[in-house]
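Here is a short report on how one chain is built and what it touches. Look over the sequence and structure first.

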Amino acid sequence: MKLIFAGILAGLMATTAAKADEMVFTSWGGTTQEAQTKSWAEPFSASSGIKVLQDGPTDYGKLKAMVDAKNVTWDVVDVEMDFAIKAAKDGLLEPIDFAVVPKADLDPRFSNENAVGSFYYSFVLAWNKGAVSGEPASWADMFDTKKFPGKRTFYKWSAPGVIEIALLADGVPADKLYPLDLDRAFKKLDTIKSDIVWWGGGAESQQLIASGEAAFGQLWNGRVFALEKDGADVGVSWNQNLTAADVLVVPKGAKNKDAAMKFLAAATSPTGQAKFAEASGYAPINTKAKAEMPAEVVKGLPDAHVESQINLDMNYWAEHRDEIATRWYAWQAK
Amino acid sequence: MSVEAQQGIATPRIPAGLGGLLPALMLIGLFFVVPVLALLLRSVTDPAPGLQNYAALLGDGTYARVFFNTFLVAAVVTIVTVLVAFPVAWMLAIMPPALASILFGIIILSMWTNLLTRTYAWMVLLQRTGVINRALMGAGIIDQPLPLINNLTGVTIGMVYIMLPFMILPLVGTLRAIDPMTLRAAALCGASPLAAFRRILLPLSLPGIAAGGLMVFVMSLGYFVTPALLGGTSNMMLAEMIAQMIQSLLNWGLGSAAAFVLLVVTMALYALQLRLVGARRTTGGA
């Protein structure tokens with residue numbers, strides 16, 4: 001019965017089943033997937049003759065349904081790294097074939113047996129210059145409603161980031177963040193709860209800051225990069241910028257595994273990573289990519305701010321994902 | 001084609017019993033009963049056999065609050081929708097048919113516009129820097145923006161707007177069926193307009209209100225997009241919570257249990273309403 005149910009689900013979703021010389025790439029849509037298409041899929045199709053069909057947005061429930069029903073229509077999926085670690089444990093992912101995908105130059109922080117880095121990003125503090133007087137300089141300032149009045153926007157979903165920001169703002173040293181003190185984090189978040197506007201997706205975060213609906217917030221650096229490119233009057237602080245990564249995975253039982261591995265090799269190559277970083281403002285996960293990028297683009301990447309950088313602990317999050325999420329949503333709903 | 005065959009089409013010889021109903025029953029079975037049973041099964045088997053998913057749902061204050069929110073929002077939306085829809089429906093019922101059909105078209109047109117587009121439009125109108133707040137502040141009526149979004153107000157406004165056609169349509173049907181002479185008779189007998197409304201029009205239009213109200217209430221219970229975009233996290237409704245459980249936590253057992261509880265409560269309410277209003281009057285409204 002379980003199978004029937006999952007089968008019906010997956011059957012309904014199987015809108016883009018790929019043929020022999022095709023494969024399906026799934027990502028989050030928007031400007032990010034556009035950049036991935038241009039930087040990875042199009043050159044890869046031109047050189048290999050394998051057509052890359054685009055699907056999206058990434059949906060972990062769909063991914064699980066496909067694998068459970070043994071009817072997998074996605075071949076490469078862009079997912080958050082903490083999910084990838086958990087999904088690998090649950091047996092939802094194929095191992096990466098490192099005979100096809102060169103491993104030597106990949107940043108070891110963002111690759112493992114079942115996933116290779118897609119790109120990495122930082123959460124940065126961004127603000128609308130018209131709506132804020134002065135310059136917020138640290139996460140602590142986002143909790144100081146006297147010095148910096150106005151709405152602040154944070155990422156809505158339970159994910160690495162906001163808990164760490166609250167703890168840093170409360171004075172926890174960066175090297176003492178883990179294991180996360182959830183009680184302390186929620187207590188700190190309580191102090192500004194009524195001033196928080198949540199953003200659920202990248203476009204929403206841009207809209208909130210650009211319109212001044214929120215004076216400042218925690219944004220993905222690529223989204224701030226895009227705002228600046230569009231000429232929005234935004235400021236950004238890289239102090240204590242928090243890194244997290246998206247990774248590329250192959251769902252267990254993917255129909256075009258060979259094509260998928262070749263695609264991963266192209267996507268993680270220095271050239272693929274350099275082109276994507278240039279288009280998106282997110283950082284490359286191939287250490288050789290920077291050599292192929294214009295100097296002014298390199299300056300704008302999280303890589304240029306490593307001295308003030310803190311790595312969010314993906315393994316910790318993968319381990320405690322459910323437990324933190326339960327408390328997170330309970331706290332939000334209060 | 002033979003005469004016999006034509007007659008066969010005109011007057012089916014098969015009695016309208018189980019045989020004739022078989023295709024319809026199979027459709028309902030395959031697409032409605034089987035999935036619901038699968039849902040029920042998953043809720044008591046995933047991750048392990050037992051009732052632990054239900055225990056988790058009913059024993060946790062958060063889920064209780066989300067359930068409460070869901071029914072509160074659905075109730076508020078239903079009441080406001082009835083209050084707004086009734087005058088519109090009455091106007092449509094008594095105005096010349098040609099004009100009424102134009103207005104009908106406008107109301108239906110809104111149903112054909114993408115739901116997400118309409119919800120985003122409300123965001124632009126309602127937010128702190130939105131059209132409404134800017135206009136009111138510009139006119140000097142308020143000096144601080146009104147909190148119209150990310151709360152119950154925002155959810156109610158957005159959802160009432162979407163639900164209005166579902167209330168207006170059955171209501172117009174009921175109101176049109178009311179003989180206008182009854183109101184004239186009431187007036188002739190000395191009833192004030194208010195008394196005529198309360199004692200004649202309202203009781204006679206009750207089946208339409210009940211039919212539309214039930215539809216709006218049940219649809220509101222399962223609503224996702226509008227509360228997610230116009231509400232705050234403290235207004236989270238069950239559909240959003242279920243989506244979280246299924247999509248991001250991959251806790252399908254708990255999600256199934258939550259969906260099944262919602263289904264049972266909704267059906268119980270439906271049964272209750274059938275008893276209160278009467279099955280024939282409810283379905284006869286539209």
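The domain assignment of chain A gives two segments to each domain of this predicted model: domain 1 takes 2-120 + 245-303, and domain 2 takes 121-244 + 309-333. Between the centres of domain 1 and domain 2 of chain A lie 26 Å, taken over C-alpha atoms. The contact draws on 17 residues of domain 1 and 20 residues of domain 2 of chain A. On the domain 1 side, α2 (30-48), α4 (81-89) and β4 (116-128) of chain A each give two or more residues. α4(A) gives the most, with four residues.

Chain A also meets chain B. Here 22 residues of chain A are in contact with 20 residues of chain B. On the chain A side, α1 (2-13), α3 (60-69), β6 (196-199) and α13 (314-333) each supply two or more residues. α13(A) gives the most, with six residues.

Now the overall build. Chain A holds 13 helices and nine strands. Its C-alpha trace spans about 60 × 50 × 35 Å along the principal axes. What radius of gyration does chain A have? The value is 20 Å, which agrees with a compact globule, because a globule of 334 residues would have a radius of gyration near 20 Å. Buried residues make up 49% of the 334 residues in chain A. Of the contacts in chain A between residues at least 6 apart in sequence, 73% join residues at least 24 apart.

Methods: Residues numbered from 1 in each chain as written. Chains lettered and ligands numbered in written order. Predicted model: local features only at pLDDT ≥ 70, side-chain atom pairs only at ≥ 80, totals over all residues. Contact = placed C-beta atoms within 7 Å. Rg over C-alpha atoms; globule rule 2.2 N^0.38 Å. Buried ≥ 20, exposed ≤ 12 C-beta atoms within 10 Å, placed from the backbone. Domains from an automatic or database assignment.
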